[in-house]
Amino acid sequence: MPNLASPTLFLAVARRLLPWLWALTAALFAVGLVMSFDAPADYQQGETVKIMYLHVPAAWLSTFIYAVMTLAALGTLVWRHPLADAAQKAAAPLGAGFTFICLVTGSLWGKPMWGTYWVWDARLTSVLVLFIIYLGLIALWRSIEEPGRAARAAAILTLVGAVDLPIIKFSVDWWNTLHQPASVFRLGGPTIAPSLLWPLLVMALAFTVLFLTLHVMAIRNEILRRRLARLTMIAAAEGDAVALSTP
Amino acid sequence: MIHVPHLGFIVAAYLVAVVAIAAMIAVVWWDYRELVAQLARLEREREEARR
């Protein structure tokens, strides 16, 4: 049986998989955008509902990516999986990017709908905290030179930061917030009309496949970066050996 | 001409998303190209050192 944790196998699988993932991403975005712009205006939000087709998928991804990182952190600390810390490190900038899109598009929706770009509401604040955690993790990886120590420190911080995920999810239930409660993933089923829900789901799938594609590419970069570091050390050692053997 | 209320906010949101997604793709792609080039250069230098 092939070793599925092998970086060499991952590189081979990534090379074959990436063209298909890019094609699927492009197709899903094409269909999703056509459906979004073809969807009717909301009876309260009007055409501003179009912003939701970006904001909601980005919001889902911001927490989904952190959940992936939390699993990878467990993989680093508990199972010591060789690709776990690469997966975690590769996901953080993408998580920050999608959280940024979520915050900015939400703000641009908030001004015409709520009359303000920002309120210190529990949902908005907890998502802002998530964005800061992503930035903190990126900074932590850059500040520790030894990769093993950096991975362990980042894994611990990731696990501590995971406490923000249930706060984000349930903030609209636990506190009185200006942000609306869940309208898709709820016990009684979605409260959104199918004509608005389907474009949203297709866009969410497009965003998710885009993340998956970029994540595979970024993990591949991490593997290459390690290979480069190892080869640089070997080359330096070989250079020293040559210098010592030269009379 | 059809008047769409808050059109500026909708266009701005899509522009921000496009720029942010394009930036993420560009950064990951550029990083890959740099790493491949550095690896190739290192391999070449090692080969030359061996000769």
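Predicted model: local features only at pLDDT ≥ 70, side-chain atom pairs only at ≥ 80, totals over all residues.
Reader: How much of chain A counts as buried?

Author: Of its 247 residues, 36% do.

Reader: What about contacts in chain A between residues at least 6 apart in sequence, what percentage join residues at least 24 apart?

Author: That share is 78%.

Reader: Let's switch to helix packing. At what angle do α4 and α6 of chain A cross?

Author: Helix α4 (residues 122-143) and helix α6 (residues 164-174) of chain A cross at roughly 160°, and their axes come within 8 Å. Since roughly antiparallel covers angles over 145 degrees, α4(A) is therefore roughly antiparallel to α6(A).

Reader: Left-handed or right-handed, that crossing?

Author: Left-handed, as α4(A) passes α6(A).

Reader: Which residues make the contact?

Author: From α4(A) you have A122(A), R123(A), S126(A), V127(A), V129(A), L130(A) and I133(A). On the α6(A) side, the contact uses D164(A), I167(A), I168(A), S171(A) and V172(A).

Reader: How do the residues of that contact divide into nonpolar, polar and charged?

Author: Eight are nonpolar, two polar and two charged in the contact of α4(A) with α6(A).

Reader: New topic: where does D121(A) lie?

Author: D121(A) sits in the loop between α3 and α4 of chain A.

Reader: What does D121(A) touch, skipping residues up to four places away in sequence?

Author: D121(A) touches T177(A), L178(A) and H179(A). Take L178(A): that residue is 57 residues from D121(A) along the chain, yet their C-alpha atoms are separated by 6.5 Å.

Reader: And why is D121(A) partly exposed?

Author: Because D121(A) has 18 other C-beta atoms within 10 Å, and a residue needs 20 or more to be buried and 12 or fewer to be exposed.

Reader: Last thing, the contact between the chains. How many residues does each chain put in?

Author: Chain A gives 29 residues and chain B gives 24 residues. On the chain A side, the elements that give two or more residues are α3 (84-114) and α7 (194-245).

Reader: Which element has the largest share of the chain A side?

Author: That's α7(A), with 13 residues. By class, the side of chain A that touches chain B has 16 nonpolar, six polar and seven charged residues.

Terms used: Residues numbered from 1 in each chain as written. Chains lettered and ligands numbered in written order. Contact = placed C-beta atoms within 7 Å. Helix = DSSP H or I, 4+ residues; strand = E, 2+ residues; numbered from the N terminus. Nonpolar A, V, L, I, M, F, W, Y, C, P; charged D, E, K, R; others polar. Axes fitted to C-alpha atoms, helices over the stretch in contact; angles between N-to-C directions. Parallel < 35°, antiparallel > 145°, perpendicular 65-115°, else oblique. Left-handed = near helix turned anticlockwise from the far one by under 90°.
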